[in-house]
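Please look over the model below before reading on. The notes that follow go through selected residues and helices, grouped by topic.

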Amino acid sequence: MVKDTRTIPIHQIRKGEPAWVKALLITGAIGILVILIGIPVLHVFYRAFENGLKAYWTSLTGNRDTLHSIWLTLSIAPRAVLLNLIFGVAAAWAVARFRFPGRTFFLALIDLPLAISPVVAGLFFVLLFGMNGWFGEWLDAHGLQVLFGTPALVLATSFVTLPFIVRELIPVMEAYGDEEELAGISLGASGWQMFWRITLPNIRWGLLYGMILCNARAMGEYGAVYMISGRISGLNDTMPLRVEKLFQEYDMAGAFALASLLTLLSLVTLGLKTFLDKKYPVHEKSKEGQE
Amino acid sequence: MKNNTRNALPGLSLSLGYSMTYLSLLVLIPLSACFLKTATLSWKEMGDVVWSQRTLSAYSLTFSSAFFAAVINMVLGFWVAWVLVRYEFPGKRLLDSLVDLPLALPTAVAGLVYSSLYVENGWFGRFLVPLGIEGAYSKFGIVWVLVFTGFPFVVRTVQPVLEEIEPEVEEAARIMGASRWQVFTRILFPMVFPALLTGFAQAFARGLGEYGSVVFVSSNIPFVSEMAPVLIVARLEEMAYAEATAIATVLLIASFTMLAMINVLEAWSKRRG
C-alpha cells in the first residue's frame with residue numbers, strides 16, 4: 001500500500017492538481033457560468049437597448065399599462081416585505097430565545113412556503129376568496145373585492161416570501177446570544193425598551209439582508225400572482241405579468257425593456273448581498289452555529 | 001440552567017402568539033382549504049382527474065424534466081463549487097456572486113431570455129438549431145431553463161462542505177500512497193456526497209413547482225409539452241376548481257415528500273460531517 005511514499009514529496013502534494021487539470025476545470029466553470037447566467041443577463045440589456053436609448057425610453061414610458069404595472073409592483077412589494085418583517089422579528093424572537101413545545105413543527109411551518117409551488121400557492125387564495133370559495137360569498141355580499149385586487153396580490157406575495165426574513169434573523173439572533181438582553185432586563189428595562197435599544201440594533205444587518213432578499217422575490221414573483229390577479233392590463237398586472245403579456249403580444253421591445261428593469265433589480269440585490277456578506281461576516285459565521 | 005435564563009426574557013407569548021396567528025391565516029387556512037376542496041371529490045372523480053391521460057403526461061413531463069435538470073445541476077454545480085473553493089483566479093469573486101443570480105432574477109425574465117436566446121435566430125439558437133438542437137419550445141428547452149433556476153442550490157450546499165475539508169486529510173492519503181484520483185473518489189467525493197444529494201433534492205423540488213420560466217420556453221401543448229403547474233392554471237381557467245385542486249394536491253404531496261427527504265439528508269450529512 002505504501003509502495004511509492006518517497007516519490008511524492010510533500011511540497012508537491014500541497015500544490016494540488018496538475019496545472020493543466022486546474023486550467024481545464026477553471027475554464028469549464030467560467031464557461032458554465034457565462035453560458036448559463038452571464039450571457040442571458042447581457043442579452044436582456046442588449047435586446048432592451050438594441051434600438052437605441054430613445055426607443056427604450058418610449059417602450060417603457062409610452063405605454064400606460066406598462067407604467068401601471070411598475071407602479072403596482074412598487075406598491076405591493078413593500079407591503080409584503082413589511083408584513084413579513086413584523087412576522088420575521090416576532091417568530092425569530094420566539095425561536096431563538098425560547099424552547100417551547102411544538103418548536104420543530106413551528107420551524108417546519110415557516111419553511112413550508114418554499115416547498116410549495118407558487119402556482120399551488122396562488123390556487124390556495126383562489127379557493128379562499130374566489131366566488132365559490134370559503135369567504136367568496138361573504139366578501140361579495142359585503143361588496144369587498146379581494147381576489148383580482150391588491151389585497152390578494154399582497155397576500156399571495158407575502159405567502160411566497162414568508163420564510164426569507166425570519167430565516168435570516170434566527171441564526172443572527174442565536175449568534176449574538178441573550179446576555180445583553182438579560183442584562184438590560186435585570187437592570188430594569190421594560191420589554192419594549194430592551195427590544196428597541198438592544199435587540200433591534202443587534203439584528204439590523206440581518207434584518208436588512210432579509211428585507212433585500214424578500215423584496216427581490218416579492219417584485220419578481222410570477223406563478224402565485226398569475227393565478228389571482230385576473231390579468232387585466234392597466235389594472236392588476238404586476239411587472240412580471242406585464243412582461244409575459246407583452247411577450248404574447250409579440251412586443252419584444254416592450255417585454256425586454258421591462259425585463260431590463262427587473263434584471264437591474266436582481267443585479268442590485270446581488271450587489272448589496274455581496275457587500276453585506278463581506279462587511280458583516282458575522283452573518284455567515286452564524287450559519288455554521290445553527291442547529 | 002439554559003431554560004431558566006431564557007425564561008427571564010419577556011415576550012414569548014406575544015411573539016409566538018402573533019407569529020402563530022400570522023402563519024395560520026397565511027399558510028394553514030389556505031393549505032387546509034386546498035385539502036378540503038380535494039376531499040369534496042369522490043374517489044372515482046379524484047381518480048379520473050389524477051389519472052387522466054392529460055394529467056399523467058403532465059406529471060411525467062414535470063417529474064422527468066425536474067429530475068434531469070437536477071442531475072445536470074449536480075454535475076455543473078459540483079464542478080463550479082470545486083473550482084470556486086479550491087482555485088484562485090482573477091474574477092473569482094464576481095463569478096461567485098453570479099451564482100446566486102437565478103434566485104434573484106424573476107423567473108419570467110429567465111423564461112423570456114432563454115426563449116429568445118435559443119430560438120432559430122437567437123444568439124445560441126443560430127448555432128444550435130442547424131445542429132438539430134432545439135433549445136426553445138422543446139423538452140430540452142424546459143430542462144435547460146430548469147437547470148438555470150435550480151443552479152444555485154447544488155453550488156451553495158456543496159461549497160461549505162468542500163471548504164471544511166482540511167488539506168491534511170488529502171496530504172495524509174497522498175503520503176500513504178493514494179493517487180489523486182483515489183483521493184477524489186475515496187475521500188473527497190464521499191465527504192461531499194450528502195451535500196450533493198441535498199442540493200439535488202432542493203433543485204428537484206424547485207423544478208417540480210416552477211412555472212414562470214417554463215411557460216415561456218415550452219409550447220404548452222396538452223399531452224406533449226404541458227407541465228403540471230401549467231395544467232393547473234388551464235383547469236382553473238376552465239373554472240374546474242376541484243380538478244385543479246386535485247392536481248395541485250398531488251404536486252403538494254410530492255413537494256412535502258421532497259421536503260421531508262431534504263431534512264433527513266441534512267441530518268445524515270451533519271452526522272457524517
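Lys92(B) is found in helix H5 of chain B, which covers residues 92-98; a helix here is a DSSP run of H or I of at least four residues, a strand is a run of E of at least two, and both are numbered from the N terminus. Lys92(B) is buried, with a relative accessible area of 17%. Buried means under 20% relative accessible area, exposed means over 50%, and partly exposed lies in between, using a 1.4 Å probe and protein chains only. This is a predicted model, in which local features need pLDDT of at least 70, side-chain atom pairs count only at pLDDT 80 or more, and totals for chains, interfaces and linings use all residues. Side-chain values use heavy atoms, without hydrogens and water, residues are numbered from 1 along each chain as its sequence is written, and chains are lettered from A and ligands numbered from 1 in the order in which they are written.

**Buried residues in chain B**

- Apart from neighbours within four places in sequence, Lys92(B) is in contact with Leu84(B), Val85(B) and Tyr87(B), where contact means heavy atoms within 4.5 Å.
- In helix H3 of chain B (residues 43-50), the residues Met46(B), Val49(B) and Val50(B) are buried.
- These residues cover an arc of only 85° around the axis, so they sit on the same side of H3(B); the arc is that of the directions from the helix axis to the C-beta atoms.

**Chain A as a whole**

- Chain A has 14 helices and 0 strands.
- Of the 291 residues in chain A, 53% are buried.
- Among contacts in chain A between residues at least 6 apart in sequence, 72% join residues at least 24 apart.

**Two packed helices in chain A**

- Two packed helices are described by the angle between their axes and the distance between the axes.
- The axes of H10(A) (residues 191-220) and H13(A) (residues 252-279) come within 10 Å and cross at roughly 165°. Axes are lines fitted to C-alpha atoms, for helices over the stretch in contact, and angles run from 0 to 180 degrees between N-to-C directions.
- H10(A) and H13(A) are therefore roughly antiparallel to each other, since angles over 145 degrees count as roughly antiparallel, under 35 as roughly parallel, 65 to 115 as roughly perpendicular and the rest as oblique.
- Residues making this contact include Trp205(A), Leu208(A) and Met219(A) of H10(A), and Leu262(A), Leu265(A) and Asp277(A) of H13(A).
- The contact residues divide into 11 nonpolar, 2 polar and 2 charged. Ala, Val, Leu, Ile, Met, Phe, Trp, Tyr, Cys and Pro count as nonpolar, Asp, Glu, Lys and Arg as charged, and the others, Gly among them, as polar.

**Leu262(A)**

- Leu262(A), in helix H13 of chain A, is buried at 1% relative accessibility.
- Leaving aside neighbours within four places in sequence, Leu262(A) is in contact with Met219(A), Met239(A), Pro240(A) and Val243(A), and also with Pro106(B) and Val109(B).
- The C-alpha atoms of Leu262(A) and Val154(A) are separated by 18 Å, and the two residues are 108 residues apart along the chain.

**Positive phi outside glycine**

- Tyr250(A) is not a glycine but has a positive phi of about 60°.
- Tyr250(A) lies in the loop between H12 (239-248) and H13 of chain A, and is exposed, with a relative accessible area of 72%.
- Met239(B), also not a glycine, has a positive phi of about 65°.
- The loop between H13 (228-237) and H14 (241-272) of chain B holds Met239(B), which is exposed at 57% relative accessibility.
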